[in-house]
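Please open the structure in a viewer and keep the selection tool at hand.

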Amino acid sequence: GAGMAAAAAARTTRWLLWDKNPLTLELVKQLIVEDNTEELQKCFGAQMEFGTAGLRAAMRAGISRMNDLTIIQTTQGFCRYLEKQFSDLKQRGVVISFDARAHPSSGGSSKRFARLAATTFISRGIPVHLFNDVTPTPFVPYAVSHLKLCAGIMVTASHNPKQDNGYKVYWDNGAQIISPHNKGISQAIEENLEPWPQAWNDSFVDGSSLLHNPSASVSKDYFEDLTKYCFHRSVNRESQVKFVHTSVHGVGHDFVQSAFKAFDLVPPEVVAEQKDPDPEFPVVKYPNPEEGKGVSTLSFALADKTKAKIVLANDPDANRLAQNRGEWRITVSSKILRAIALKEGFHFEETLTGFKWMGNRAKQLIDQGKTVLFAFEEAIGYMCCPFFLDKDGVSAAVIRAELASFLASKNLSLSQQLQAIYVEDLTTGYDDTVLPTSKSSQMITFTFANGGAATMRTSRTEPKIKYYAELCVPPGNSDPEQLKKELNELVNAIEVHFFQPQKYKLQPKAE
């Protein structure tokens, strides 16, 4: 209506006063000259919402997009909120890192956004540990915990399409923020929209005594801590198991190579075309290991050529890991993990989907004196080394490789071990977990009379519905082919009758 149009016009006027990036400023001026009200409404209709996952949006001009000005505004709000929460913020400081994303037409890039965020904090006298090159996302929560900082920021859109970027925030406990912090930060952003005097002057931070580069020391300490989870070094040295690794044009390559060396494993063969960070993601349509063939074609070809048994794929910010040989295999399910825990005498808990929940719960358990061994989510996220509280595709890759090498020394493959777990008697009675609920997460789980379970949820960062299905039956009913057929029938029925794609115009996954 007229009220919304007037509000958008007022925001556009402020934008012209505040934006000092010539490219985004020119884009907005051009829209005004063309009287492109539809596009102006998209750009200025509503401020990006700061959720518990931070921000995720396309890099373009406007308050609903990721760009220099919205990064400055977001960081000013976050900075003010931290000042209220931590009396020792100026002693402890924050850490900031970034991936390799860039959007030349708007002048936006993860590195540029990270520098602007650092400028905001340093202008307030707050120390900033700013990595000088791309890192995996897990290095930020690791640095928060390891250096005892107040907060961390990672500029990344993970596995989203190339035009997107994001701003992910960690609290001083090393875990992603949960409510009500996001609400407090949102309010502080609204109260600090006008850029502060030094906001655009990012060159002044280079000479500042408050700017620290943690790259070398944090990397060294991370790999030292990681080697504490190497349990079969002598087996690793002798291992003949071959691996292929792809970092899908992301940041993972150097770090996975270093992790294998730290475990005395021969580093994996590398998909050369996808090895180096590239914001254009030239040889994958979707840079997401969950998306299947588009990511795996080159990996499979290299595995065939090198006779490698296992393909490991990180997503672009290297906090998730997929593994396959023939098809992507997500090898953990909550049902089977719960059953293993019951049999082995471990404590098992199920949280809402997302590492913000698992990281915060893990910290509570650690503070109670418990040892947290492992956490995972179906979306190929694993926390194998609880020296920090987030998913990590680097440690997951090398620990998966060590497991494969250990099993090979006993003439077993990962698939055979998984099969052995399936047929073992793991289904002694257990109570169904009652999951906590969250107004912000749209998720529903169905359980079926035949032992099937299907969880559907909306993606938090893309216009997608994700679903995960599994079938759990008592021992003795274990003809795998029959069970696979039954599970496929269940999945097909869910797709046709529950999602009703024709009626709701839903598109199946492209690949």
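**Stop 1: the annotated span**

Begin by selecting residues 48–193, whose end C-alpha atoms lie 12 Å apart. This span is 37% helix and 19% strand, where helices (H or I, at least four residues) and strands (E, at least two) are DSSP runs numbered from the N terminus. The model is a predicted one, in which local features need pLDDT of at least 70 and side-chain atom pairs count only at pLDDT 80 or more, while totals for chains, interfaces and linings use all residues. Residues are numbered from 1 along each chain as its sequence is written, and side-chain values use heavy atoms, with hydrogens and water left out.

According to the unreviewed UniProt entry, the annotation "domain: Alpha-D-phosphohexomutase alpha/beta/alpha" covers residues 48–193, 221–322 and 329–421. UniProt positions are given in the numbering used here, feature names are shortened, and such annotations may be inferred rather than shown by experiment.

**Stop 2: aromatic pairs**

Next, display the aromatic side chains; 23 aromatic pairs are found in the whole structure. Rings of Phe, Tyr and Trp (its six-membered ring) pair if their centres lie within 6.5 Å; planes under 30 degrees apart count as stacked, over 60 as edge-to-face and the rest as tilted.

Select Phe50 and Tyr167: the ring centres are 6.3 Å apart and the planes stand at 75°, so this pair is edge-to-face. Phe50 belongs to the loop between helix H3 (37–44) and strand E1 (55–58), whereas Tyr167 is in strand E7 (residues 164–170); the pair links distant parts of the chain, 117 residues apart. Both Phe50 and Tyr167 are buried, buried being under 20% relative accessible area, exposed over 50%, and partly exposed in between (1.4 Å probe, protein chains only).

Move to Phe78 and Phe121, which are edge-to-face because their planes are at 90°, with ring centres 6.3 Å apart. Phe78 lies in helix H4 (residues 68–85) and Phe121 in helix H6 (residues 110–123), so the pair ties together parts 43 residues apart in sequence. Phe78 and Phe121 are both buried.

Then select Phe131, Phe139, Tyr142, Tyr222, Phe223, Tyr229, Phe255, Phe387 and Phe388, which form one aromatic cluster.

**Stop 3: a covered helix**

H11 (residues 253–262) is mostly covered, with 7 of its 10 residues buried. After H11 comes Asp264, whose phi is positive, near 60°.

**Stop 4: charges over rings**

A charge sits over a ring if NZ of Lys or CZ of Arg is within 6 Å of the ring centre and within 35 degrees of the ring normal. Select Arg124 and Trp196: the charged end of Arg124 is over the Trp196 ring, 5.6 Å from its centre. At Tyr382, Arg400 lies over the face of the ring, at 5.3 Å from the ring centre.

**Stop 5: salt bridges**

The whole structure holds 25 salt bridges, each a side-chain nitrogen of Lys or Arg within 4 Å of a carboxyl oxygen of Asp or Glu.

Select Arg112 and Asp202, which meet in a salt bridge (3.6 Å, N to O). Arg112 is in helix H6 and Asp202 in the loop between helix H8 (181–190) and strand E8 (211–212), 90 residues apart. Arg112 counts as partly exposed because its relative accessibility is 24%; Asp202, at 16%, is buried.

Glu280 and Lys162 form another salt bridge (2.9 Å, N to O). Glu280 sits in the loop between strand E10 (269–270) and helix H12 (293–306), and Lys162 in the loop between strand E6 (151–155) and E7, 118 residues apart. Glu280 is partly exposed at 38% relative accessibility, as is Lys162 at 39%.

Turn to Glu349 and Arg361, joined by a salt bridge (2.7 Å, N to O). Glu349 lies in the loop between helix H13 (334–344) and H14, and Arg361 in helix H14, so the pair ties together parts 12 residues apart in sequence. Finally for this stop, select Asp68, Arg112, Arg115, Asp202 and Asp206, which salt bridges with shared partners join into one network.

**Stop 6: a surface patch**

End at Phe346, Leu373 and Phe374, a nonpolar surface patch with about 290 Å² of accessible area together. Patches are made of residues with over 30% relative accessible area and no salt bridge, like charges being joined within 9 Å and nonpolar side chains (Val, Leu, Ile, Met, Phe, Trp, Tyr) within 5 Å. Accessible areas come from the Shrake-Rupley method with a 1.4 Å probe, and for residues only the protein chains shown count as cover. Phe374 is found in the loop between helix H14 (355–367) and strand E14 (375–377), and counts as partly exposed at 32% relative accessibility.
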